[in-house]
Each structure stands twice: as structure tokens, then as C-alpha cells.
Amino acid sequence: MSLIILDPTNERGPQTRPRAPRLARLDGAALGLLDISKPRGDVFLNRLEDLLEQRGAHIVRFHKPTFTKPAPQDLRQQIHANCVAVIEALAD
Amino acid sequence: MSGVALPDGLVAVVKRDCSTCEMVAPLLRELAAAKPLTVYSQDDPAFPADMRVVDDTNLAVSDALDVEVVPTFLRVAGGKIVGRTQGWRRDEWRALSGVAGLGAELPEFRPGCGSLTQDPDIAARLAARKSETQISSRRIQLGEREDPFDAMHARGWSDGLPLVPPTPERVARMLAGTSRAAADVVAIVPPDLAHCSVEKVAINAVMAGCQPEYLPVVLAAVEAACTDEFNAHGVLATTMAVGPAIVVNGPIAPAIGMNSGVNALGQGNRANATIGRALQLVIRNVGGGKPAGVDQATLGNPGKYTLCFAEDEAGSPWEPLAVERGIPAGTSAVTLIAVEGPRVVVDQKSRTADSLARSFAGCLRTVWHPKLAQTCDVLLVISPEHARVFRAADWSKRRLRDELVNLLTLSGDELVAGYGGCAEGMPPRYAGERVPKFSPDSLFLVHAGGSAGMFSAIMSGWARGPGGSQPVTRAIKP
């Protein structure tokens, strides 16, 4: 007789979502730069900010309180409300 | 009785493998000819021969009637049991049947046999059937030719070692280890932030190899791990080689046979090995946290299979860890700390507390990096022969912590990045300062290990404080 066992997982099916459409242009776009609070993340993001502003983007800076935990929901909503795209920097 | 509608009249529950049932079989045939009688057979629908018998080989009726002994003889009126006896008692059978001369040729009394429902293996299956209504997890029927161990690996449920198949019977037995309802939510498990019921913990505990009496410890560990303070998401996701260590305090540890003595941090004890493993399996299977997925550890460490032990409270010169952390003495509790694997402090010569503290300090200097300070918590597992030295000197835990902090208050000049030809180190602002490597509240002391050997262990932690992982203590509920 075949064995019956119980599913140890959370029994959720992964949901596949399409990627957001790529930005057609940077000029005038509000872009978020998210610093996850790793050392030297700011060095990378400062340089990106310069380069993106040269291309006409409007930059909004964000900080995660700690790199060890997922971004708080308020922060994610704030980014979503204010930007059309976000770049998240890992560093060290 | 629930779930079974009994016909009015007489009812008998029998099995062929019972000499008393065989003895009364002719009487049942005799009664059936004269009275409304329904006979249920537990092991053979052809017994008793030459009469109509209801097949109860799935024991549904026997179980619903709570039959402990066969034959069980009942009178039913209006769907309710109005009279009941078990075994052969001539006067009672006569009274119930209303047949005055019944069994005149038989002895007055003969005990019956154990009902099949009382067989331990069968009882477990029946318990599982009863709790089917409370078990809501998806049932997976493996193929007849599928090896269950391979099938579970193939589904991605294993940490690499074989798993015990979580059959409904085993899970039902596991659930009997707690008073909590199967559907109770224990925690929201990262990284998928999935609701985790007592039942899901029980399934993973079965797979890990736990006994039911370990379940309350596993539940407390899952609860502690999935707090914002412990930050199981970060502990899992970090590139650093850390994982949760579970320290168990209180009466439950000896009661379930946990090891706090010889080889306390090693292999060979079922409770130690499987409780720690069960927590990891919950994070893997319920939380969805897997190596090379959200778990991005550069190296990992063997403690990520399992790392759980009990404190030797009876032999300790100090109060237990959980008591120090606010749990009343005599209450069982788990404390979770995110740590690397253990490293040994070897000191076989110190006979004074001052000298031994210097050995501890020298070894502690190197955790994370000799030039980094105030980075992590440390779990210090102090062995009986080392603890004896501190006991003789009447050093409290607090005294030892303070001494270690003093011994490891270092010259900032020698810690800053670049000093000594080494780029790693503290930021330049520490130059000219005296810098304590640890604060007293980052040193966690527990007593465990075999009675011979002047060896203790250091398990250093991950990023400490609210921005990393903080040790969490939770009382164990029955």
C-alpha cells in the first residue's frame, strides 16, 4: 500500500508577476536610491545620483534602518508613492 | 458514542481471535433466530459462521463504542445504549437479552479478550483518524514504488539528512505532545512570512525525529526565533556563518532526557539533536528559507543542521540562564542566540579565577576579528571543571563578566583600521580611546559539559542589538 504523508510546507503557490515596464526615458523621472545601511553604500549611491542627475532624473534618497531586516512597509510605500523606479545598493 | 447509528435491539462486538467470543458464538446464532441482534466482527466478517455479521475490520464501530474488551454485549433502544456488559457474565447476558435460560451449559463467568482497538499500533491509527478533522494539511499519497525517503528529498523538504515520513498517525501522536490546538498559529515564519500552525510545527518535528514530548520545546523555539528581536530573517539571510543556538532550561530538560553533560554540544542525544533540527526544518519548509535562496551564507556552519542543548543547572555555581533573563525558577524555557560554531578555550593549568579569566579573555579577543570591538553577543559554555574554579573563588556571573570586560578594554590606537599593517579594524574615531571589546550584557554564560576536562566553549554571535539579532527567551508552555 502506498504511504500517505502530510505536507510540511506553507502550501502556498508562488505567484509569478510580469516585470514592471522598463523606463522609456530618465529625463524628468523620479528615481529612488535606497541605501540599505551597509558601509560604503553611500559612496556608490552618491556616484549614481551624479550620473542620473546628469541625465535629467529627479533623485529621492531613502535609507533602510538596518541591512539585517527587510525594509519596513512604510518605507516601501513611501518609495512606491514617490518614485517610478528604485535602485537598491548593497556595499561593503 | 458518536458518528455511528446503532440499530435497536441487541448488539455484540466480537473477534475470531478470542476464545470467549468463540464460546458465545453458538449463543449469538441462537439469539439471532429469536431477537433483533446485530453482530460486529473486528477481525473476520465470516465469524461467527452461519449468521449475518457486520464487518467492523476498520474498527469504526468498535472505536465509536469505546469497546475495550470483546465480546461486548449491548442493548440499544431508541438509538441509545440502555444496557452493556463485556466478557461472558451469564446473569448479565440473560438480563440484557431477556432470555432466561441463555447459556445454561456455560460457566457463570469467563473474562473476555482485549479489543483490537486497544492494540498500541492500532490505537495510534485510530487516534489519527479521530484527529483527522483537526489536521488540515494537504495529504500527499506517494506512489507504490516511490521510496518515501527519496520522495521527501525530491520535494526539497530535507536538510540533506533522511527525514521521518510525517504520516497522519505520527503527526497525530506528535500533536498529543502539546495541549495547544493544531490550528493555533505559533508564529509568522520568515522569509516568506507564512502563518505557521501548531500542526505544521508538529509535521516538521516528526520529520526531524522528535518524540511528542519534545514538541512544547520546539514550539517555544519557533516562537522565539520568529520575533522581531531575534530576526530569523536576517540570521538566515546573512552571508555570515551563524545560526540559532537553543539553550533549554528548567525541569523539562531532564524530563525529556536532554543532554547537558558529556558531549553536550555534540552528537548522540535524540532530544538535543532533533529539537534543533525541527526549528531549522520549520524555517526551511514553512518559512521557505533555503541555502542559496534567501540563505546566502558564505560558509555556513554545522550548527545549522541542529544546535540545541540543556544547561546543567544542578551542578552550576550560578543561576540558570533563563532565570537570569526573567523566567521564574522551576519554569522551563528556551533561549535562542544566533551564533557561529563553538570554539574551545583550553586551560588546564589555572587554579585561580583571575588566571582562568585571563585565558577566557585571551580567547575572546579574537572573535570576529582581534581588531573589532562591540560587534556581537557571545555565548560562553563553561564546563564543570572551569566552573569549579570560579565557584571556589566565589565569583558570581556578574563578577566574571566585569572582569572579562576589564581585561578586554583595549587601546583604540591598536584597533583602528590600518594599524599593524592590517586594513580591518575600527573606524579612526576610536584612536586615543580605551575601547571595551564587549559590554557586560553581551556575555551570556551557561554551565554544561562533562565532569572531566578543563575546556569551555565560545560561540560568538552575529551583529548585536536591534539592528541585528538579540537573544530571546520564551517560557515553554505544556
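This is a predicted model: local features need pLDDT of at least 70, side-chain atom pairs count only at pLDDT 80 or more; totals for chains, interfaces and linings use all residues.
Residues are numbered from 1 along each chain as its sequence is written, while chains are lettered from A and ligands numbered from 1 in the order in which they are written.

Okay, where do the chains touch? We've got 15 residues of chain A in contact with 31 residues of chain B (contact means C-beta atoms, placed from the backbone, within 7 Å). Chain A's side of that has six nonpolar, five polar and four charged residues (Ala, Val, Leu, Ile, Met, Phe, Trp, Tyr, Cys and Pro count as nonpolar, Asp, Glu, Lys and Arg as charged, the others, Gly among them, as polar).

Next, strands and helices (DSSP runs numbered from the N terminus: E, at least two residues, for strands; H or I, at least four, for helices). Strand 1 of chain A, residues 4-6, pairs antiparallel with strand 10 of chain B, residues 139-141, over three bridges (pairing takes at least two DSSP bridges). There, Ile5(A) sits opposite Ile140(B).

Now look inside chain B. Helix 13 (residues 353-364) and helix 15 (residues 397-407) have axes that come within 9 Å and cross at roughly 55° (axes are lines fitted to C-alpha atoms, for helices over the stretch in contact, with angles from 0 to 180 degrees between N-to-C directions). Among the residues meeting there are Phe360(B) from helix 13 and Leu404(B) from helix 15. By class, that contact has seven nonpolar, no polar and two charged residues.

Key. Two residues are in contact if their C-beta atoms, placed from the backbone, lie within 7 Å.
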